[in-house]
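Please look over the sequence and the structure shown here. A short briefing follows, grouped by topic.

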Amino acid sequence: MTLCNGIWISILACFSSQVISAYHNDFVTIRMKMNPSKLDDRSGINGDTLRCDNKSKRSFQLRFQPHDTMPRLFWHKLEQKQETTPTTTEMEMEMETPPATLTSEQETTTMPMEEMPFPSNDLPTSDATTTMTTTSPSFNSTIITSQPPSIVTTFTTIMKPTPGLPTKWSEKLKNLFFGSPGQIHLLQKHSDSRGKVKSKGFLSLFEVIKFDNSKCNVSMGEIRSMEGVCYHEFECKSFGGIATERCADGAGVCCIFLTGCGDTTDQPIAYFESPKYPQPVHEMLICVLIINLRKNVQQLRLDFLTFELSRPTDGDCLDDQFTISGQNVNFEVPTLCGINTGHHIYLHVSSSLDGKIYLSFFAKVPSGARIFNIKIAQLEARDNIAPDGCLQYYTESEGIVKSFNYDIESTAIANKQATYLNNLNYVICIKRSKNSCTVEYVVERGVDIRGNGEQMDFQIVNKDEDENDLVPDGQAGAGIFNCPYDFIAINQVRLCGERFNDGTDNEDFTMNALVRDVAAGPIILPFRSDNMYVGRGFRLAYKQELCT
């Protein structure tokens, strides 16, 4: 009897082992009852296994078997044991969001799942790719299982079932058919940002709308207009400017920069005004403006919108002075005073030593009055710059050229003794118009200094050592012998005296006559004066004539 019992036990154990082995290779949850060492041997043969948690007292084995499913009659014969699977699971997250909101980096996300059912009859074979899709109103999540993936982007882990046994047989059967509760952590790695649309977030208006900071004009009434720079309104205020009319199709404002004594500016366009402008100053004054040169600036143009200082004394600026420093060392700018409203000068600054230009006004006596307003423009090579060496540069085909302090009328200065200055040595240049070959100069018609003539005075004085005039009164002088010290040169001929005539069209030197410049090349008018004697100066109307 004992022998029979032993034989039957051996047969049942063998039969039970063969049955379980025949149904081993399927995705089923098996509670293991047999020898763990034998189960370890079979797990190495059958391949794909998903990892289970071994922290519970009851462990489960999830395996893949392409044959028919094992009858549940033999499930209790197997001992449950957790094994490590060589298979990885790849998960791709497809977010249904606009491309503009995608980020170049994705954070690691953990998604808990309390229950992961695996019905044995619905699982795919080992040669196929397993896909599980979950749809929600906000996004689609797709889990794709492949064997073996070359690059693992995410990892999936099947966690332990809930500790403890079900208290009711209904719960036990439910867990037997549909799996036990667990947690699954979906770990999403940082994906490659290539091919993604990088979001810039919430952009400010300045980043979205961009325009050139070009020059702009503002009308200040029927008579006067001012020039500024087109900036965003908040930029204009931060730079210390005054926001005026709209520019750049309404995206910016024309910003006006007004500066005064002791200020510093680096703006392309600025205005340098005297204290209390437009009221004159009746006190001693030291007023300096520092101009920081911008990158690639070649020249500065100063337009004397208002320039009224005390008159010179015998050609010397003794009471009031306007001086400039910081420009190229080989470009000398004369010290100015008197009435110079309407004039302009160019400063060559490309080789400035420290990149700073200093404009200085000095009023040495409390008596008298002075007032000024100067427009400052920084010019690059692309702008209409003057030829090298030109202190003044006229670009129109016709206009007026005159000496400094030639005008009589003034709003603040009572002295009407207008004379040119001592120690001048500069060049006036005129831009040659297209198809022009000659330039004609005449004394401008108007009212002379005595108020009884139709032609403006022309007077450039030269005297010998005995203080005798080298040119008789009321006559024109031409050439080096008549004009050795003070002269204006046209067509390389020095002209001086009290009449404007080179003797080419009219040999009567007591008359003003037309003077033609027929020389090729740049149109220049050099002017020079010594430190001895001065006269009224010159005011000439010029006009370029076409080639015939």
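## The five-stranded sheet

An open sheet of 5 strands runs in the order β12-β14-β20-β16-β18, with mixed pairing. Its edge strands are β12 (258–259) and β18 (344–348), and each of them pairs on one side only. Strands are DSSP runs of E with at least two residues, helices are runs of H or I with at least four residues, and both are numbered from the N terminus. Two strands pair if DSSP finds at least two bridges between them.

This is a predicted model, in which local features need pLDDT of at least 70, side-chain atom pairs count only at pLDDT 80 or more, and totals for chains, interfaces and linings use all residues. Residues are numbered from 1 along each chain as its sequence is written, and side-chain values use heavy atoms, with hydrogens and water left out.

**The chain as a whole**

- The chain has 5 helices and 30 strands.
- It counts 548 residues, and 39% of them are buried. Buried means under 20% relative accessible area, exposed means over 50%, and partly exposed lies in between (1.4 Å probe, protein chains only).
- Take the contacts in the chain with a separation of 6 or more: residues 24 or more positions apart account for 74% of them. A contact means heavy atoms within 4.5 Å.

**Strand β14 and its partners**

- Strand β14 (residues 269–273) pairs with strand β20 (residues 371–380) in the antiparallel sense, over 5 bridges.
- Within this pairing, A270 stands opposite I376 of β20. The bridge partner of I269 in β20 is A377.
- Strand β12 also joins β14, through 2 bridges, and these two run parallel. Here T259 faces F272 of β14.
- β14 is largely enclosed by the rest of the structure, because 5 of its 5 residues are buried.
- Both faces of β14 are covered. I269, Y271 and E273 are buried on one side, and A270 and F272 are buried on the other.

**The six-stranded sheet**

- Another open sheet has 6 strands in the order β21-β23-β29-β26-β27-β25, again with mixed pairing.
- Its edge strands are β21 (392–394) and β25 (476–478), each pairing on one side only.
- Neighbouring strands of this sheet are turned by 25 degrees against each other on average, direction ignored. The axes are lines fitted to C-alpha atoms, for helices over the stretch in contact, and angles run from 0 to 180 degrees between N-to-C directions.
- β21 and strand β23 (residues 425–430) run parallel and are joined by 3 bridges. Q392 stands opposite I428 in β23.

**Disulfides**

- A disulfide is a covalent bond between the sulfur atoms of two cysteines. Here it is assigned to a pair of cysteine sulfur atoms within 2.5 Å.
- The structure holds 8 disulfides. Three of them are described below.

*C230 and C247*

- C230 is joined to C247 by a disulfide, with 1.9 Å from S to S.
- The link of C230 and C247 is right-handed, with 100 degrees about the S-S bond.
- C230 lies in strand β9 (residues 225–231) and C247 in strand β10 (residues 242–247), so the pair ties together parts that are 17 residues apart in sequence.
- C230 and C247 are both buried.

*C437 and C547*

- The sulfur atoms of C437 and C547 are 1.6 Å apart and form a disulfide.
- This disulfide is right-handed, because the torsion about the S-S bond of C437 and C547 is about 90 degrees.
- The pair links distant parts of the chain, 110 residues apart: C437 sits in strand β24 (residues 436–443), and C547 in the segment after β30 (539–546).
- C437 counts as partly exposed, at 33% relative accessibility. C547 is also partly exposed, with a relative accessible area of 38%.

*C483 and C496*

- A disulfide connects C483 with C496, at 1.9 Å from S to S.
- The torsion about the S-S bond of C483 and C496 is about -85 degrees, so this disulfide is left-handed.
- The pair links distant parts of the chain, 13 residues apart: C483 is in the loop between β25 and β26 (487–490), and C496 is in strand β27 (residues 493–497).
- Both C483 and C496 are buried.
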